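Visitor: I have a structure to look at and would like to walk through it. Can we start with the terms?
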Amino acid sequence: MKIVFAEPSVPRSGSLVVMVLDDRKLTPSAQRIDKITSGMLTRAMNASRFKGRKDDMLAVLAPSGLDVARIVLVGLGKPDAIDATAWQNAGGRVVAHLNSAGESAAQVEIEKIDGAKLSAVEAAAEFAYGARLRSYRFDKYRTKEKPEQKPSLATLTVAVNRPTDAKKNFADLDKVADAVFFTRDIVSEPANVIYPETLAERARELEELGVVVEILKPKDMKKLGMGALLGVGQGSEHAPRLLVMQWKGAPAAKDKRPVAFVGKGVTFDTGGISIKPAGGMEDMKWDMAGAGVVIGAMRALAGRKAKVNAVGIGGLVENMPSGTAQRPGDIVTSMSGQTIEVLNTDAEGRLVLADALWYCQDRFKPRFMVDLATLTGAIIVALGSEYAGMYSNDDNLAKQLAAAGDAVGEKLWRMPLHDTYDRMMNSDAADIKNISGSRDAGSITAAQFLKRFTNDVPWAHLDIAGTTWSKKDAPTTPKGATSFGVRLLDRLVADHYEE
Ligand code: BES
Ligand code: MN
Ligand code: ZN
């Protein structure tokens with residue numbers, strides 16, 4: 001789908017999209033169209049349940065007095081509540097509607113709404129951003145689709161005064177959308193295509209944007225003493241990799257320490273010898289989403305040339321059962337020197353992150369570390385798919401993350417850490433065990449495990465198991481890989497850590 005910005009004009013073909021406020025209040029451009037069509041919009045609204053609320057949409061087909069195929073009325077709700085998200089959602093909904101209607105070209109009229117926060121130029125950019133985000137589709141393996149099964153919308157024209165300014169405003173958002181698509185692509189790929197080696201190779205594409213990419217192999221990790229990460233990967237034909245990305249966007253900064261993001265990149269999680277049940281196991285192709293999001297976030301920062309120094313690390317492994325796989329009861333030594341009793345080989349994400357987090361703080365001395373991981377089923381029991389779980393040893397970082405999440409619609413709910421949970425992870429045989437042995441507080445005990453490998457650096461852990469994959473469409477996120485976290489991390493940096 002192509003998005004163009006243009007001066008307002010009356011289109012002669014395709015669809016025309018206009019905005020309506022709460023209580024069926026037409027915006028000025030909608031009023032003009034209502035006049036040209038001798039009141040068709042007003043009559044259509046009166047003949048329907050369309051009220052102009054924020055989720056309302058109504059299509060008027062084959063209007064008279066105007067050479068367009070349809071006029072789409074989009075509800076924006078009450079003016080004081082129309083923020084960036086509302087504009088994005090409107091854009092996303094319009095794209096979904098026109099794609100299923102078979103429309104190939106559309107023009108949308110954007111203007112300043114009295115009493116709303118955003119200028120017309122900002123609103124146009126946000127609308128376009130939402131439209132683009134919703135237009136994503138992972139269809140490379142569908143070889144037999146008929147044209148009528150494919151999305152139809154080829155061109156979306158955003159009509160606004162000062163279109164060049166709107167286009168400039170859109171440029172950075174467009175880069176973030178590129179990154180979101182990149183993450184959705186790699187998370188959607190099956191595990192026979194994406195495994196540690198190929199995932200690392202995909203990340204190499206970021207070199208084009210100026211990101212320094214290093215890929216550590218097993219022998220490098222052995223030298224570093226990463227027994228926890230290597231143990232998880234030892235049952236697979238596909239050897240582990242440690243992905244290290246650096247974006248140096250603020251070389252002259254006073255404080256040159258980077259911000260750091262660390263992702264769980266389990267390219268497939270069978271559970272290992274503690275094997276998972278067959279039903280639903282295919283979902284575990286997206287157990288690398290934490291790393292996928294870290295790669296996407298680095299791509300967003302580099303894409304829009306963010307003035308920040310940032311490090312992105314991915315612990316990439318495949319968790320398989322085999323004759324060489326690690327066994328329940330094995331004791332491994334992590335890079336930190338701490339020994340770990342592996343009581344359940346399905347609690348593998350924390351083992352991978354233990355070494356990735358330690359390596360990160362040891363090598364880069366970052367301002368903070370945020371890790372993202374599809375870590376526990378327990379966080380899905382607790383929070384479902386609306387909020388991701390957040391754990392942190394730093395109130396300021398937690399606040400900044402929560403605010404960034406609210407701003408971009410990737411919401412975080414802070415969960416507790418406490419000594420009593422920490423003690424549940426003490427092992428009789430080693431320094432720590434990888435499961436508590438009780439089902440209680442399963443997401444919290446996983447976070448407590450990670451905390452022991454942070455060396456008390458400011459840190460937050462986001463358990464994204466419930467938010468990383470969606471079974472239903474949302475306004476700006478088609479069902480499937482959500483890339484939850486890419487926009488959030490980009491926003492965190494934009495709001496607090498750029499020069
Ligand atoms: N990748 C899973 C967590 C998961 C489960 C993510 C379902 C998304 C959907 C993780 O590696 C895992 O298996 N966790 C176990 C931990 C348990 C053995 C302590 C879990 O949550 O059951
Ligand atoms: Mn597992
Ligand atoms: Zn896992």
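Guide: A pocket, on a 1 Å grid over the protein atoms alone, is an open set of points where a 1.4 Å probe fits, with protein on both sides within 12 Å along at least five of seven lines; lining residues have an atom within 4 Å of a point. Grid points are joined across faces, edges and corners, and a volume is the space filled by probe spheres set on them. This is a predicted model, in which local features need pLDDT of at least 70 and side-chain atom pairs count only at pLDDT 80 or more, while totals for chains, interfaces and linings use all residues. Residues are numbered from 1 along each chain as its sequence is written, chains are lettered from A and ligands numbered from 1 in the order in which they are written, and side-chain values use heavy atoms, with hydrogens and water left out.

Visitor: What volume does the second largest pocket have?
Guide: The volume of the second largest pocket is about 660 Å³. It is lined by 28 residues, and Tyr136, Arg137, Phe138, Arg142 and Pro478 are the closest to its centre.

Visitor: Which element gives the most to that lining?
Guide: Helix H3 does, with 4 residues. H3 (84–101) and strand E20 (480–481) each supply at least two. Helices (H or I, at least four residues) and strands (E, at least two) are DSSP runs, numbered from the N terminus.

Visitor: How do the lining residues divide into nonpolar, polar and charged?
Guide: There are 10 nonpolar, 8 polar and 10 charged residues in the lining of the second largest pocket. Ala, Val, Leu, Ile, Met, Phe, Trp, Tyr, Cys and Pro count as nonpolar, Asp, Glu, Lys and Arg as charged, and the others, Gly among them, as polar.

Visitor: Arg137 and Arg142 came up. Which residue has side-chain polar contacts with Arg137 and Arg142?
Guide: Glu145. Its side chain is joined to that of Arg137 by a polar contact of 2.5 Å, and to that of Arg142 by one of 3.0 Å. A polar contact is a pair of N or O atoms within 3.5 Å; within protein, one must be able to donate a hydrogen and the other to accept it, and residues adjacent in sequence count only if both atoms are side-chain atoms.

Visitor: Where does Glu145 lie, and is it buried or exposed?
Guide: Glu145 lies in the loop between helix H4 (120–134) and strand E7 (155–159). It counts as buried because its relative accessible area is 17%, where buried means under 20%, exposed over 50% and partly exposed in between (1.4 Å probe, protein chains only).

Visitor: New topic. Which residues come nearest to ligand 1?
Guide: Lys276, Asp287, Asp346, Glu348 and Gly377, of the 17 residues around ligand 1. A residue is near a molecule if one of its heavy atoms lies within 4 Å of it.

Visitor: What is 2.8 Å from an oxygen atom of ligand 1?
Guide: An N or O atom in the side chain of Glu348.
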